[in-house]
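Subject: Handover of a structure and its salt bridges

Dear colleague,

I would be grateful if you would read the two side by side.

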Amino acid sequence: MILESLIPERPAMDITLEGVREWIKMLNWPAPSFVLNLVADTEGNFTGENGSSRDLSNDVDKQVLLGLREAADGIFTTAKTAKQEQYRRSALAPLALISRTADFDGIPAVIDGGAGPSASKVFLLVPSKLVRNTRKRFAEPWIEVVGIGKGSLFRITLALTRLNWRRVVVESGPEFSTWLVQEFGIKYLNLTVVSQNPAIDASSARNALSKLGVSGGTLESAHRIDTTLITRWSDLYSPKGSQRRGNRFGQRGRIA
C-alpha cells in the first residue's frame, strides 16, 4: 500500500497494515486531552445499513482504531454505542461507558465473562444518584461504577482524570460526539473517510463535519491510502458551542 501525505505535502511511502497502526500510535498526542475517532463515508454517514460503523470500516480504519487504542490510557464511549457495536473488553486499554439511565444490559464487555480479558477494567459512568443501584446490578469483578454528578463535561473529565487517564480516545456515535464538540471537550478529531474514489481528498470530510455541527477548525493533516482518507482536526468550532457550555448531558446531547 502507498501512504500519500496530502497535508502537509511530503513524499509518498510504502506502508503495511501493521505499519498504519504503528504510524498512528506514534502521532503527537499532547496530554491531557480527548481524541474523538470516527469513520464516515463521503455523504457524512457514520453508520451503514445495519446501523453500525462496522458497515463502513475497512482494514485501514481498523488499524487506525487499534493504533489510537494502543496510544490511549482509556477508551470512552456511550452505553448506546457499546450496545450497537457489541463492545468487548480490550486488551489494549480499559473501557469507560457512560449512560444517563445506567442501562448497560446487552453489552458483552459488561455482562459476559468471556468477552475479552477479565483483567481489563470496565468503568460505568452514571449520575451520582444511580451509583448505588448500578453497583448492585453490575457486580462483576471487572466492573467499577463511577459517579459523575449530574453529568456535566467537568464532572465527566474529572472522573476520567481520577482514573489517571491522560489520553482518552472517544469512540461515541454522532449525537454524543456532537455534544462533546459543542462543550469544547475534544482536542483532536481523527476522522477517517471511506470511499470508492481514488481521488478522495480533504474536501470529502465536509459532510461528516457538518453533521457534527462543526463549521470551522484546523486541518492538521490529511493522508490517503488507496480510497481511504485519514484526517486529523483541531480547534473545532461549533456555532452552538457557546450556548451549550456548562449544560448537562441529561438536558442536551442526550445519551442512552
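A residue is called buried when its relative accessible area is under 20%, exposed when that area is over 50%, and partly exposed in between. Please note that this is a predicted model.

By the definition above, Arg-224 is buried, because its relative accessibility is 12%. Its salt-bridge partner is Glu-4, with 3.0 Å between the closest N and O atoms. This pair links distant parts of the chain, as Glu-4 belongs to strand β1 (residues 2–7) and Arg-224 to strand β10 (residues 216–225), 220 residues apart. Glu-4 itself is partly exposed, at 27% relative accessibility.

In total, the structure holds ten salt bridges. Another of them joins the side chains of Glu-175 and Lys-80, at 3.8 Å from N to O. Because Glu-175 lies in helix α7 (residues 174–182) and Lys-80 in helix α3 (residues 79–84), this pair ties together parts that are 95 residues apart in sequence. Glu-175 is partly exposed at 41% relative accessibility, and Lys-80 is partly exposed at 38%.

Salt bridges with shared partners also join Arg-21, Glu-22, Lys-25 and Glu-70 into one network. Glu-22 is partly exposed, with a relative accessible area of 38%, and Lys-25 is partly exposed, with 23%.

With kind regards

Conventions:
Residues numbered from 1 in each chain as written. Predicted model: local features only at pLDDT ≥ 70, side-chain atom pairs only at ≥ 80, totals over all residues. Heavy atoms only, no water. Salt bridge = Lys/Arg side-chain N within 4 Å of Asp/Glu carboxyl O. Helix = DSSP H or I, 4+ residues; strand = E, 2+ residues; numbered from the N terminus. Buried < 20%, exposed > 50% of the residue type's maximum accessible area, 1.4 Å probe, protein only.
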